[in-house]
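Could you show me around this model, and tell me what to select at each stop?

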Amino acid sequence: MLNSVFLLVLVLAALMAASFVFARRKAKATVVAAGEGAGLIFHSQPGYYGWLAGIVSGLAALMALVAGANLSLNPWMTLTLMMVVGLAGSYFAASRVSAEFRARTYVEFFIKTLLVTCSLIAVFTTVGIILSLVFESFRFFQEVSFLDFLTGLQWSPQTAMRSDQVGQSGAFGAIPVFTGTFLIMAIAIVVAAPIGLLIAIYLSEYAEKRTRKIVKPVIEILAGVPTVVYGFFALMTVGPAIRALAETMGFSVPTQSAITAGLVMGIMIIPFVSSLSDDVINAVPQSMRDGSYALGATKSETMTKVVFAGALPGIIGALLLAVSRAIGETMIVVLAAGRAANLTGNPFEAVTTVTVQIVALLTGDQEFDSAKTLAAFALGLMLFIITLVLNFIALIIVRRYRARYE
Amino acid sequence: MSKIDSEISKIKFTCKDVRVAYSGKEALHGINMAIDDRGVTAFIGPSGCGKSSFLRVFNRMNDTIAGCTVTGEVYMDGQDIYAPSLDPVLLRARVGMVFQKPNPFPKSIYDNVAYGPRIHGLASNKAELDHIVEKSLQRAGLWEEVKDRLKDSGTGLSGGQQQRLVIARAIAVSPEVILMDEPASALDPIATARLEELIEELSQKYCIVIVTHSMAQAARISQRTAFFHMGDLVEYGLTTNIFTNPADPRTQDYITGRTG
């Protein structure tokens with residue numbers, strides 16, 4: 001199988017290359033034959049005739065391949081068909097070489113089409129994901145009322161397998177799940193916002209060039225650590241440390257808690273905040289700082305009253321992007337936050353989050369038609385809407401901020 | 001002119017062997033000169049001659065550039081402004097500066113002018129601050145145009161208005177000197193004429209030092225002119241003399257347009 005794919009690609013490439021060389025040579029010969037100064041009369045440079053022949057033969061051969069597969073010809077016949085059709089296409093393109101033929105226009109059109117197609121792939125994938133989320137959520141809301149989902153205070157998605165099981169009623173109130181998400185997000189941002197911002201201010205205004213050159217990449221390494229590593233760091237190190245600390249002060253905290261997950265998630269998004277804020281602070285023109293210094297302002301006055309004030313919208317945008325990142329984060333909370341859907345604002349208790357619940361709902365053998373599994377889609381849709389709105393607001397703020405200095 | 005001549009004994013700055021170097025590369029090779037307390041002193045010369053570097057010596061703005069070193073002695077009213085005991089932050093409150101490109105802060109017109117008085121604690125209450133802002137804007141010739149929209153952003157003004165706004169901002173801290181680094185280079189001819197009028201008015205009250213690329217501008221607004229060339233002060237004297245009867249052939253070449 002792999003061999004035959006490899007062979008097909010090889011044949012296709014060889015065919016296109018041969019067509020390119022063949023048509024370009026023919027175009028060159030035609031120009032020479034037309035006499036001195038004919039190069040300017042020709043609509044396109046010889047290379048364009050070559051490219052066009054290559055493209056035409058390649059497309060023809062691809063069509064032959066599809067046709068061969070549909071007619072279930074055997075591989076060798078398909079290959080032969082491809083070569084015959086491809087060569088025919090190549091010959092056709094080469095036969096059109098003349099001063100009037102607009103090969104360049106066709107090649108440019110092909111390139112543009114190719115680029116548009118690539119962008120459409122991304123767009124349609126996004127649309128497809130949204131549609132599947134919406135439709136599956138719709139199925140879920142046929143079984144569980146939308147209002148109950150949005151306002152319910154109880155989350156226990158285990159439905160009864162047998163009628164004699166008790167306590168497995170299946171409650172789908174999303175509030176505890178979202179409370180947990182927002183609690184952890186709030187802790188993360190409380191950790192990341194000041195630290196990230198101060199790092200950015202230090203790096204952009206106070207650090208020497210040499211220090212900056214070393215410190216900035218080191219901080220950015222933090223962003224490259226896989227989230228699952230943060231997750232077991234939280235579970236094995238931070239969680240037990242917090243529990244031990246709490247015990248010395250005389251109260252008990254479970255290893256899995258909102259504070260553990262929030263702290264570690266905060267550390268994870270520090271480089272995010274610092275790097276984006278560093279960018280917006282650097283975007284404040286030097287002339288602003290000069291203007292402030294020239295009025296007798298000190299460095300810290302200039303920093304807080306001019307630079308920071310000017311960069312503030314951009315910094316808010318950076319924080320919102322970091323928040324939406326934190327909301328969608330999964331591995332840390334799966335490992336460190338817990339699974340119990342407690343409705344609590346106490347950071348020292350175990351809570352659960354939207355992403356954790358989605359993982360819990362969809363792992364293991366499941367059939368994708370029960371309310372339990374469909375609930376995952378509803379949660380996913382809500383999460384998607386929240387992060388979408390956050391990103392949207394952040395982008396608007398950042399764009400407005402950029403316009404100020406242009 | 002005669003009025004200025006009679007006051008020539010009043011000196012604001014005295015420079016002795018001032019050298020400015022960027023990362024060890026010398027841009028100004030030992031400048032000696034004295035700058036008058038009143039009126040306008042213009043620095044002219046081709047690009048890269050060191051005139052802007054020299055201007056930044058007087059408010060120690062060169063300190064903010066990494067790798068820039070200034071040696072020699074500079075006295076302002078007899079006080080060494082490069083003495084270790086002198087705080088550059090306080091010096092800059094006495095020596096204001098206007099830059100080549102207007103650089104209002106992204107704040108309201110009011111807050112732009114109030115910035116300096118606020119950081120230096122010049123007003124003890126809101127009414128005093130209002131008074132300083134109004135007076136400064138009036139002196140910069142901008143009050144009539146903006147008095148109804150002091151809350152609007154300073155960056156929304158036209159280029160010429162922005163430049164007068166930053167002059168008002170500089171005036172608001174009551175400096176003794178205003179340094180101007182090619183203040184009209186980003187302005188159209190009408191805004192430039194307006195600015196030159198303003199400079200003339202201000203020169204009654206402040207010591208003004210201006211760097212300019214336009215020799216016509218130097219001739220119009222300054223009483224004294226210094227010509228710099230490749231890091232040296234070539235010639236310095238009354239503007240009328242420099243432009244009508246230059247002593248040095250390099251000055252002659254520059255003002256007649258043969259170099260630069």
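Here is a short tour that goes from chain A to chain B. Keep in mind throughout that this is a predicted model.

**Stop 1: the two domains of chain A**

Start by colouring residues 2–122 and 171–404 of chain A separately; the domain assignment calls them domain 1 and domain 2.

**Stop 2**

Next, select helix α2 of chain A, residues 46–70.

**Stop 3: the largest nonpolar core**

Show side chains for F140(A), F149(A), W155(A), I184(A), M265(A), I269(A) and L379(A). In the largest nonpolar core, which has 61 residues, these touch the most other members. Several helices of chain A supply at least two residues each, among them α8 (227–248), α9 (258–283), α11 (299–328) and α14 (371–404). Which helix gives the most to this core? That is α6(A), with 12 residues.

Zoom in on I184(A) and display what surrounds this residue. Leaving aside residues up to four places away in sequence, I184(A) touches A258(A), A261(A), G262(A), M265(A), V333(A), A337(A), V351(A) and T353(A). Apart from this core there is another, of 42 residues; to find it, select I132(B), L165(B), A172(B) and I199(B), which are among its members.

As background, nonpolar side chains in soluble globular proteins tend to be buried together.

**Stop 4: the sheet of chain B**

Switch to a cartoon view of chain B and pick out the open sheet, where 4 strands are ordered β2-β1-β4-β5 with antiparallel pairing. The edges are β2 (25–36) and β5 (79–80) of chain B, each pairing on one side only.

Now select β1(B), residues 11–22, which is joined to β2(B) by 9 bridges, the two running antiparallel. To follow the pairing, look at R19(B), whose bridge partner in β2(B) is H29(B), and then at I11(B), which is partnered by D36(B).

Finish at the turn: β1(B) and β2(B) make a hairpin with 2 residues between them, and S23(B) in that turn has a positive phi of about 45°.

Conventions. Residues are numbered from 1 along each chain as its sequence is written. Chains are lettered from A and ligands numbered from 1 in the order in which they are written. This is a predicted model: local features need pLDDT of at least 70, side-chain atom pairs count only at pLDDT 80 or more; totals for chains, interfaces and linings use all residues. Side-chain values use heavy atoms; hydrogens and water are left out. A nonpolar core is a set of buried Ala, Val, Leu, Ile, Met, Phe, Trp, Tyr and Cys residues joined through side-chain atoms within 4.5 Å. Buried means under 20% relative accessible area, exposed over 50%, partly exposed in between (1.4 Å probe, protein chains only). Contact means heavy atoms within 4.5 Å. Domain bounds come from an automatic or database domain assignment. The expected span of a helix is 1.5 Å times one less than its number of residues. Two strands pair if DSSP finds at least two bridges between them.
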